[in-house]
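Hi everyone, thanks for making time this morning. I'd like to walk you through one structure, so please have a look at it with me.

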Amino acid sequence: MKMKSQPLAAIAALALAALGAAGCGSDIDKATDANKSASESTGAAKCGTINMAVNPWVSYEASAYIVGEIAKTKLGCTINYKVLKEDVSWQGFGTGEVDVVIEDWGHPDLEKKFVKEMGGDGSATDAGPNGNKGIIHWYVPPWLAAEHPDILDYNNLNKYADKFKTSESGSQGQFLGSDPSFVQFDEAIIKNLNLNFKVVFSGGEAASLEAFKKAEANKEWLIGYFWEPQYLFADVPLKAVALPPYTDGCQDDPAKVACDYPDTVLKKMYSSKWAANDTDPGVKFVKAFQWSNEDQNTVAKYIAVDKMDKAAAAKKWIDENPDKVAAWLK
């Protein structure tokens, strides 16, 4: 970061004063205050505004609020949280409505529209991994896998289809989808594997969570789309149904998909225009941010189970993990 003209001795003295004020073993808040004071005195770049997309699942919310609250409280950024679905978030890169998507599960169709290297308009840029590993599968509740272990092979699903019937699926077994805007190929998989099931969308994460919890508690027949990282697995260890394994290219044509979902290194996407201001400490921080599935699940549980306010949940984790926060802010 380039400083404006000022005597080196004065800068050194200011840095020493900041260290002295923080004290040996000082916490990150004191160090941040000292750095902020030094930045203001030496003319270093200040943090601007971050328009943070918040996609509709709790694990995403955990990441978004961790990044947003650190940027606000440690760097002085202005944070605007915008609750949007995935495809709408990407459209916002070009209009200036969205600066950051903090958890992208892979959208080749959107990359072709908005990422220059993929032939798009260049409004979106890949910001690298966010540290999370995304896993999507078809799942059944643990009780069902224990009593009928052969159900974990898709070849055996049709013989159990009648058990999954609901009023919404009619004569076929119900397959519980989630939000239809999520990355999902379940209707094509069912058709191309000749399975006697019908996709019924729950509408979103909260409804799918409750359905799996209820199915386990009451020993109800349920199969559906679900994903990790997700705090539910700590309490209800769902069991994955083995589909034909994923291979490169098996999902290129959405109508012909007949394979399982790949494990995905989740990544950050941001507005190319916003990220071009590489002297902005907010941009530098977003580039540096990565955390684990375990970290994310912890904050997601604070929000979903403990019913904490999202910002308060983020603050609790931030206060308990000063070393991790400090590493992102180097």
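Let's start with a pair of strands: β1 and strand β2 (residues 78–83) pair in the parallel sense over six bridges. Pairing here asks for at least two bridges found by DSSP between the two strands. Helices (H or I, at least four residues) and strands (E, at least two) are DSSP runs, numbered from the N terminus. Before I go on, this is a predicted model, in which local features need pLDDT of at least 70 and side-chain atom pairs count only at pLDDT 80 or more, while totals for chains, interfaces and linings use all residues. Residues are numbered from 1 along each chain as its sequence is written, and side-chain values use heavy atoms, with hydrogens and water left out.

Back to the strands. Asn 51 stands opposite Asn 80 in β2. Strand β1 covers residues 49–54, and five of its six residues are buried. Buried means under 20% relative accessible area, exposed means over 50%, and partly exposed is in between, with a 1.4 Å probe and protein chains only. Together, β1, α3 and β2 make a right-handed β-α-β unit. Right-handed means that, with the strands pointing away from the viewer, the path from the first strand over the helix to the second runs clockwise.

Now follow the helix of that unit. Which angle does α3 make with helix α12? Helix α3 (residues 58–75) and helix α12 (residues 293–304) pack at about 105 degrees, with their axes 8 Å apart. The axes are lines fitted to C-alpha atoms, for helices over the stretch in contact, and angles run from 0 to 180 degrees between N-to-C directions. The two helices are therefore roughly perpendicular to each other. On that scale, angles under 35 degrees count as roughly parallel, over 145 as roughly antiparallel, 65 to 115 as roughly perpendicular and the rest as oblique. On the α3 side the contact (heavy atoms within 4.5 Å) includes Tyr 60 and Ile 66, and on the α12 side Val 299 and Ile 303 are among the residues involved. The residues of this contact of α3 with α12 divide into eight nonpolar, three polar and one charged.

Lys 307 has a positive phi of about 60 degrees although it is not a glycine. Is Lys 307 buried or exposed? At 66% relative accessibility, Lys 307 counts as exposed.

One more residue, please: Pro 142, in helix α6 (residues 142–147). Pro 142 is buried, with a relative accessible area of 15%. Its contacts beyond four places in sequence include Glu 216 and Val 236. Pro 142 and Val 236 are 94 residues apart in sequence, and 7.2 Å apart in space, C-alpha to C-alpha.

To zoom out, the chain has 14 helices and nine strands, and 47% of its 330 residues count as buried.

Terms used
Ala, Val, Leu, Ile, Met, Phe, Trp, Tyr, Cys and Pro count as nonpolar, Asp, Glu, Lys and Arg as charged, and the others, Gly among them, as polar.
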